[in-house]
Amino acid sequence: MDFNTAVQFHGHVCPGLSIGYRVATLAANHFKDRSKDEELVAIVENRSCAVDAIQAINGCTCGKGNLIFKDHGKHVYTYFKRGDNKALRISLKPDALPTDEKHTELFAKLRAGTASPEEAKEFRASHDAKSQRILEMPEEELFWIREVEAEPPEKAIIYPTLVCSKCGEGFMEPMGRVKNGKIVCIPCFEAKDE
């Protein structure tokens, strides 16, 4: 799978997607295949654009239970094959991508809706150049890559559906809570009683 596969899935080119593509291709080359079911597992430690490339290229998804999300805010990705406790840990070097004050400033203006058309064009050019630079960098300048021992998670479990006694919506059994003696879903459990 090439970079365009990831771009189509994600919707646009950006540095995060480029990082994810590089990670995904490193894992694909190391493990020699794309996950059709749950055999290849990726543990991702952030919720960035990079994760979309991993889904598109490696076939690791939440729905199949082979994309495990840990909200650590780190560009760290650990892959392994089920049945093997040898894992590949790929982490972005903190100094691999120098801070670009102008790019950051333009991004803030774009997000706030205050960027002029010229500033938007300048940001896009800078964003594209940064993305391309990531795609072309030698992997040893971009990442720390090492084998580690990792205990694979269990395969995805399909739980029975319960119906919330408050809102009437279905939810997975282990996510149920008891409130005022009745089984409810988490949003109803956390809601203030009226």
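This is a predicted model: local features need pLDDT of at least 70, side-chain atom pairs count only at pLDDT 80 or more; totals for chains, interfaces and linings use all residues.
Let me start with the charge pairs. How many salt bridges does a search of the whole structure find? Five, and I'll go through three of them.

Take Asp71 and Arg47, whose side chains meet with an N to O distance of 2.6 Å. Asp71 sits in the loop between strand E2 and E3, while Arg47 is in the loop between strand E1 and helix H3, so this pair ties together parts of the chain 24 residues apart in sequence. Arg47 is exposed, at 64% relative accessible area, and Asp71 is partly exposed at 47%.

Next up, Lys86 and Glu149, with their closest N and O atoms 2.8 Å apart. Here we've got a strand-to-strand link: Lys86 is in E4, Glu149 is in E5, and they're 63 residues apart. Lys86 counts as partly exposed at 38%, and Glu149 is exposed at 52%.

Then there's Glu119 with Lys109, a salt bridge at 2.6 Å, N to O. Is Glu119 buried or exposed? Have a look at the number: relative accessibility is 17%, and the cut-off for buried is under 20%, so Glu119 counts as buried.

Glu101 is exposed at 62%, and together with Asp100, Glu105 and Glu122 it makes up a patch of negative charge on the surface.

UniProt, in an unreviewed entry, lists residues 158–192 as "domain: Zinc finger DksA/TraR C4-type". In the model that stretch is 14% helix and 34% strand, with the end C-alpha atoms 30 Å apart.

Around there we also find a nonpolar surface patch: Ile157, Tyr159, Met172 and Met175, with about 350 Å² of accessible area together. Met175 is in the loop between strands E7 and E8, and it's partly exposed at 38%.

Which residue has a positive phi although it is not a glycine? That's Asn180, at about 55 degrees. You'll find Asn180 in the loop between E8 and E9, and it's exposed, at 69% relative accessibility.

Methods: Residues are numbered from 1 along each chain as its sequence is written. Side-chain values use heavy atoms; hydrogens and water are left out. UniProt positions are given in the numbering used here, feature names are shortened, and annotations may be inferred rather than shown by experiment. Helices (H or I, at least four residues) and strands (E, at least two) are DSSP runs, numbered from the N terminus. Patches are made of residues with over 30% relative accessible area and no salt bridge: like charges are joined within 9 Å, nonpolar side chains (Val, Leu, Ile, Met, Phe, Trp, Tyr) within 5 Å. Accessible areas come from the Shrake-Rupley method with a 1.4 Å probe; for residues, only the protein chains shown count as cover. A salt bridge is a side-chain nitrogen of Lys or Arg within 4 Å of a carboxyl oxygen of Asp or Glu. Lys and Arg count as positive and Asp and Glu as negative; His and the chain ends are not counted. The place of a charge is taken as NZ of Lys, CZ of Arg, CG of Asp or CD of Glu. Buried means under 20% relative accessible area, exposed over 50%, partly exposed in between (1.4 Å probe, protein chains only).
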